[in-house]
Amino acid sequence: MRNTVLCYSLIVLLAACNSPAPKPNEDTVVNADFKHLEIDLESLLQEGKLPKDTLITITYDHFFKQKKRFKAYPLVAILKPLLAQIKDTSNLRITFTCIDGYAPNMNLSKVMEHEGYLAVQDLDQPEGKDWADSLANKFRPYYLVWQGIGKTDETFAWPYGLAEIRIASFIYDFADAYPLHDKAAQKGFALYQLHCMKCHSINRVGGVMGPEFNYPKSITTYWEKEDIWNFLRNPQSYRYSAKMPALPNLPKGEFEEIYTYLLAMQGKKPQE
């Protein structure tokens, strides 16, 4: 029998209210209170609020690139009681913040419609170990995994070192990064959100693993367009020991949309 794995608390920042979408040509000022909750998953387990001994098999794990087995907590079972405190859960985003600054986000509705799990132990490891020695410090406290996601589906986040979950309206969390009055740039925003925002913030919205791309200066003012394109395809050709993974499969057309978005954001800065 395996040893009991040390469980950690999970920080959840929960929007107490939703804000209506702004009207065209209307400045967005959003007031929302957040509840700061610290959830002890082990206590929920003992109280019978979570299923015991959830052992799962992921057919294809997007980090390990193979079939994997984990001890885990079902994400939906954790979130449902919390979401019951919100009258309208439509148009909400959920951001997964990790200890290293990685912060991917997804539509809450998509999260709730799929089988996500907070993994706490790799069951392929030897007796008494939760993770491989080389990964333990990176993967604790939680690693988010998904059942039934295809190899090529990049729309699901697989963050490790997950420590905080934030649930808020799109307008509340992303207003400073969204080109509200520029429809041509909105497609680029969606692509930036998918490919870049998890590591690179715009106007301080997004992850902090990599540099900010718009505040106080836009990357488009000090990097040539072609250099940005070549860098993301092969970062190591520009910087020795660059940590950014290459994106060789990003279509040039999608890059053009992202660049249009970056240009549009040059004149939009966050309110101090």
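Reader: In which strand is the place of Ser-169?

Author: This is a predicted model, in which local features need pLDDT of at least 70 and side-chain atom pairs count only at pLDDT 80 or more, while totals for chains, interfaces and linings use all residues. Residues are numbered from 1 along each chain as its sequence is written, and side-chain values use heavy atoms, with hydrogens and water left out. Strands are DSSP runs of E with at least two residues, and helices are runs of H or I with at least four, both numbered from the N terminus. Ser-169 belongs to the run of residues 160-169, which is strand β9.

Reader: Is Ser-169 buried or exposed?

Author: Buried means under 20% relative accessible area, exposed over 50%, and partly exposed in between, with a 1.4 Å probe and protein chains only. The relative accessibility of Ser-169 is 5%, so the residue counts as buried.

Reader: How many aromatic pairs does a search of the whole structure find, and why is the pair of Phe-63 and Phe-64 edge-to-face or stacked?

Author: Rings of Phe, Tyr and Trp (its six-membered ring) pair if their centres lie within 6.5 Å, and planes under 30 degrees apart count as stacked, over 60 as edge-to-face and the rest as tilted. The search of the whole structure finds 26 aromatic pairs. Phe-63 and Phe-64 have ring centres 5.0 Å apart and planes at 85°, so their pair is edge-to-face.

Reader: Are α6 and α8 roughly parallel or roughly perpendicular to each other?

Author: Axes are lines fitted to C-alpha atoms, for helices over the stretch in contact, with angles from 0 to 180 degrees between N-to-C directions. Angles under 35 degrees count as roughly parallel, over 145 as roughly antiparallel, 65 to 115 as roughly perpendicular and the rest as oblique. The axes of α6 and α8 come within 7 Å and cross at roughly 110°, so the two helices are roughly perpendicular.
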